Amino acid sequence: MTEHFQFVFIGSGVAAITVSKRLLEHNPNASILMLDAGPKVEAKGRRYWWDYLIFDRKPYDFCYDIKGENETKGDINWGYFSSRVMAYGGSTVHWGAWSVRYKPEDFNLYSNTEEGADWPINYEDLSPPDAEATGKTDYYYEAEQYLSVCGDPEESWNREMRNGKPYPRPDFGWTAADGVMIEGMQTVGIEPGKMPIARYRKCMTTGTCKYCPFGSRFNAQYVLDDLIADPRYQNFEQRCHATVLNIVTDDKGNAAAIEYLDTRTGETRTITADTYVVAAGTYESSKLMMRSTGPKWENGVGNNTDLLGRHIVSHSFLRVKGTTPTNPEHWVQEYDFPTLMSRSYDTPEMQKDGKIFMFKNRVLPNTDIAKLMMQGKTRDEINAILGGPMAIEMQAFYEEKGRFENRLTLKPGTNRFGLPLTTIEYHRDPRFFKRAEDRLARMSKVFDAMNYKIEHAKYDDPGGHHATSTCRMGETEADGVTDRDMKVFGTDNLYVCSNAAFPSCTAVNPTLTLTAMSMRLGDHLIRTTNL
Amino acid sequence: MTDTEMIGGPISKGVVLANLLDHEDTFLAAHQHDQLWDIFVEIGRAWGNIANDSASIKSSWREFVHAKTSEPPSYIGEYVNAISVVQELVRLYGHEDAFHKLFFANGIPEGPPVTRLAHAKVYVIDEFIRMQTVAGGFKGFAQPASLNYKGYVGGSRYNETPRVRAYTPKGSGQ
């Protein structure tokens, strides 16, 4: 039996949910099917929460990639583990909720540096300075309202970018434990800022943002729950354990159907739709398109110019850790998220050799008092440890640029959700090492100013947390898989709404921008589909 | 811990599998709740990190035990076992020494818990310690102490109370 919908979404993360919400709010009768290969995981169970506190075990741990399952070729070890959640709600089930705008120069990376790629849109397309006068939509601002982002609009970079608009919620102030690093930054000319965090509902500061018992941190699950429960949206349906195998295309190259496997029953089902939106993340979106060959798409839909899966890029982590012999004030990192960050090196001047987005390690300084008690340490011994050596770490995302030879391909076999395995071939740009050392040296100056002993200044391999660009947008099919509206070149009805469509990964977290892009796609679909 | 001979008598030294102990009951009786609470109170007494014999966090403790016994996997077998072990230790060493040995000098070998004593320590005492610390015990060590800790519920009803120790710029006069 074939079922028909106006829209079918492959994936149930923040992208699919945000577009669907936009469509349903425009026309509550819209018929939408949303599929996810993964299961639904309990979001706010009290037992789960206690188990998280006691064992650091989360109910979605089984939705991560298994170590060793996927492979890396090239000269680094790509980090797969714990970088995405394959479940209802997608990766916002586990994200840190850092909600940072890209900056205007990020949209012109190639023009500015002759590396990577330009976006076919500009910052002003997401945040028009004349929005109120012209009636244009400020997608970044709407996304911040939707996610309830807390932040400080008075930071210098925000004064330049926000068109005078405040954040929807006040910032989380710096903690006392941030103080020494704040002053170290200021000494070397780095402006300290406050991390913008998405707080969806009332935060009661348990410090357990990876599993919040109150639903305070934005999690797309909650929005999806609301859409499903809303009696106005009778034609909206979501199915889990539904692994899409193939996009069937017709002689013109358009999407004609999708086939999915119900992994609970083993049944294969066919769905037709007027519009198809692949919103399955950077890995799965491109892999599904690679597998979907057809009369016009011998090498996979959208892949006639061999760009599908190419240019994969993510952040490399830079770390500088310092120690001081005593901690008389017993500083600890009281929140489970960083309150201190800086965009002082996330500037046009730094773009050529790679911007960095700096932030204080969310865990340090810290003393696990309970663990010491379990070990049988006495009160006096614990007190001595609390006042003893203290470690603080500054971390940064380093902006790498997409390169043609870095690519994602299919590895034979499937995982436990029926999704194909992944191979990533990644070769570091030879210029990376000198550039990263320069950035580490800049970060180290903060610790010199703090008079801390530097324990390490190092970089990690990139990983999948913020992977982008496997279906990147371009001006033409020669330089992109998708166009400025994230529609696959050569099709009339197939879109990719994912970080996969981003032409670059910039230096900051992508989810706020993805949310803004999803809202923009929703408006595009409303305009173009007669919804 | 391994420098000391393992404490306890035949109950404590009874050999069991490392995984959670089963029990035929599906809920704890009131007197068993009371016995467990008495064990919990001894944690605060031993480390001196919470006032009034932990009375201020009793509701959190009850919620914790309820979650552990009403949803799978059930901890009823572990709780019943811990009560038996502690009763034996108190018989052997007296009340004060029993808990001192249990917390600070129990001689439990490293590795998976394969005795009833080790089960009581790993599945009950250690988890109670974590719960007690999270619920407010973290504030009771060296002063000044932090105001927040991973898992601590500050409470939205008290927004006028600072959630964390906040940064005060030097020279701000605050």
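Reader: Which residue in E17(A) stands opposite A:Arg407?
Author: This is a predicted model. Strand E16 (residues 407-414) of chain A runs antiparallel to strand E17 (residues 420-426) of chain A, and six bridges join them. In E17(A), the residue opposite A:Arg407 is A:Glu425.

Reader: Which residue in the turn of the hairpin formed by E16(A) and E17(A) has a positive phi?
Author: Five residues lie between E16(A) and E17(A) in this hairpin. One residue of the turn has a positive phi of about 80 degrees, namely A:Gly418.

Reader: Why is one side of E6(A) and of E18(A) left without a neighbour in the sheet?
Author: The open sheet has six strands, with antiparallel pairing, in the order E6-E13-E14-E15-E12-E18 of chain A. Strand E6 (193-194) and strand E18 (453-459) of chain A stand at its edges, so each has a single partner strand.

Reader: How many bridges pair E12(A) with E15(A), and which residue stands opposite A:Ser316?
Author: Strand E12 (residues 316-324) of chain A and strand E15 (residues 390-398) of chain A pair in the antiparallel sense. The pairing extends over nine bridges.

Reader: Which helix lies across E12, E14, E15 and E18 of chain A?
Author: Helix H8 (residues 179-187) of chain A lies across strand E13 (340-342), strand E14 (356-360) and E15 of chain A, at about 20 degrees to E13(A). The helix across E12, E14, E15 and E18 of chain A runs at about 25 degrees to E12(A) and spans residues 432-450; this is H14(A).

Reader: How many residues does each domain of chain A give to the contact between domain 1 and domain 2?
Author: Domain 1 of chain A comprises 1-40 + 67-95 + 219-313 + 404-428 + 467-531, and domain 2 comprises 180-195 + 316-398 + 431-461. Their C-alpha centres lie 36 Å apart. On the side of domain 1 that touches domain 2, the residues divide into four nonpolar, two polar and one charged. The contact takes seven residues from domain 1 of chain A and seven residues from domain 2 of chain A.

Reader: Which element gives the largest share of the side of chain B that touches chain A?
Author: In this interface, 35 residues of chain B are in contact with 35 residues of chain A. The elements of chain B giving two or more residues are helix H2 (58-70), helix H4 (95-104) and helix H5 (116-135). The largest share, six residues, comes from H5(B).

Reader: What covers the buried residues of H1(B)?
Author: The buried residues in H1(B) are B:Leu36, B:Phe40, B:Val41, B:Glu42, B:Ile43, B:Gly44 and B:Trp47. Their cover includes elements of chain A and chain B. Among them are helix H12 (369-374) and helix H13 (379-386) of chain A, together with H2, helix H3 (76-93), H4 and H5 of chain B.

Reader: What span does H1(B) reach from its first C-alpha to its last?
Author: Helix H1 of chain B covers residues 30-47 and has 18 residues. B:Gly48, with a positive phi near 60 degrees, follows H1(B). At 1.5 Å a residue the expected span is 26 Å, and the helix comes close to this, reaching 27 Å.

Note on methods. Residues are numbered from 1 along each chain as its sequence is written. Chains are lettered from A and ligands numbered from 1 in the order in which they are written. This is a predicted model: local features need pLDDT of at least 70, side-chain atom pairs count only at pLDDT 80 or more; totals for chains, interfaces and linings use all residues. Two residues are in contact if their C-beta atoms, placed from the backbone, lie within 7 Å. Helices (H or I, at least four residues) and strands (E, at least two) are DSSP runs, numbered from the N terminus. Domain bounds come from an automatic or database domain assignment. Ala, Val, Leu, Ile, Met, Phe, Trp, Tyr, Cys and Pro count as nonpolar, Asp, Glu, Lys and Arg as charged, and the others, Gly among them, as polar. The expected span of a helix is 1.5 Å times one less than its number of residues. A residue is buried if 20 or more other C-beta atoms lie within 10 Å of its own, exposed if 12 or fewer, and partly exposed in between; C-beta atoms are placed from the backbone. Two strands pair if DSSP finds at least two bridges between them. Axes are lines fitted to C-alpha atoms, for helices over the stretch in contact, and angles run from 0 to 180 degrees between N-to-C directions.
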